[in-house]
Amino acid sequence: MGRERRASTGVIVGGLVLAAALASVAAMSVRGPHAEPVRVIHGDGYVVPFSFADQIHFPGNTIMARVIVLEVRPARYMDQRADGLGESVYVPILVRVVASYAGELQTGSTLVLRALGGTAEGVRFETNMAPSADVKSVGAEFIVFGSDPTFVADEESPALTPSGWFAIRGDHLVDRTLAAMPPDAVEDAGVSLSVAESLMSNR
């Protein structure tokens, strides 16, 4: 039986529509002992397949690339309520493209990957769509899937929100798509790196 993931809640980040409709967003305020008030928003979603094979064959994944993390930047807040898409917070992760298997990314170019979740501008976004914390590790290498990147204000590189993150560990791929997977978990993607590269190149 294939594994499943929850699709996010109608927020568009970097051109990727993460869900067809907004399921629910709840907001509340919390205050720490020495902190400014923080408004907490929650995102719900629905379940869709997310195995490595599913990622390769999903029509919306026009980008397939091997990347290495160069820099992890402070979390950013995005307000798309005027467009009926809600609010979100994400962590921008600057990566260099090591190899491109689908799409128009050039080897050696830079790209911003958006990891959903975090706190910025007094808003904390809690979502089951946040990737594992170890995607925010400088020097880590991943295979990522997503839609065509777009440019937004204050980001010098094109950006996208990956639908799949697969860490490269030797010749193995480890699924890091969801934060529910702890950093030390063995979540093998069921395919070796060499086979994965061949499958992506020949989709």
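Biologist: What stands opposite V40 in this model?

Modeller: In this predicted model, V40 stands opposite R124 of β12.

Biologist: What makes β5 and β12 a pair?

Modeller: Two strands pair when at least two bridges are found between them. Five bridges join β5, residues 38–43, to β12, so the two strands meet that requirement. They run parallel.

Biologist: How do you know that β11 and β12 pair, and in which sense?

Modeller: The cut-off is again at least two bridges. Strand β11, residues 118–120, has three bridges with β12, and therefore counts as paired with β12. The sense is antiparallel. One of the residues involved is A120, whose bridge partner in β12 is V123.

Biologist: What lies between β11 and β12?

Modeller: The two strands form a hairpin with two residues between them. In the turn, E121 has a positive phi of about 55°.

Biologist: Which side chains of β12 are buried?

Modeller: Side chains alternate along residues 123–127. V123, F125 and T127 point to one face and are buried.

Biologist: Why is T177 called buried?

Modeller: Buried means under 20% relative accessible area. T177 has 2%, so the residue is classed as buried. T177 is found in the loop between β16 and β17.

Biologist: What makes the approach of T177 to D175 a polar contact?

Modeller: The distance limit is within 3.5 Å. The side chains of T177 and D175 are in polar contact at 2.7 Å, which is inside that limit. The T177 side chain also reaches the backbone nitrogen of W165, at 3.2 Å.

How values were computed: Residues numbered from 1 in each chain as written. Predicted model: local features only at pLDDT ≥ 70, side-chain atom pairs only at ≥ 80, totals over all residues. Heavy atoms only, no water. Buried < 20%, exposed > 50% of the residue type's maximum accessible area, 1.4 Å probe, protein only. Helix = DSSP H or I, 4+ residues; strand = E, 2+ residues; numbered from the N terminus. Polar contact = N/O pair within 3.5 Å; in protein donor to acceptor, adjacent residues only side chain to side chain.
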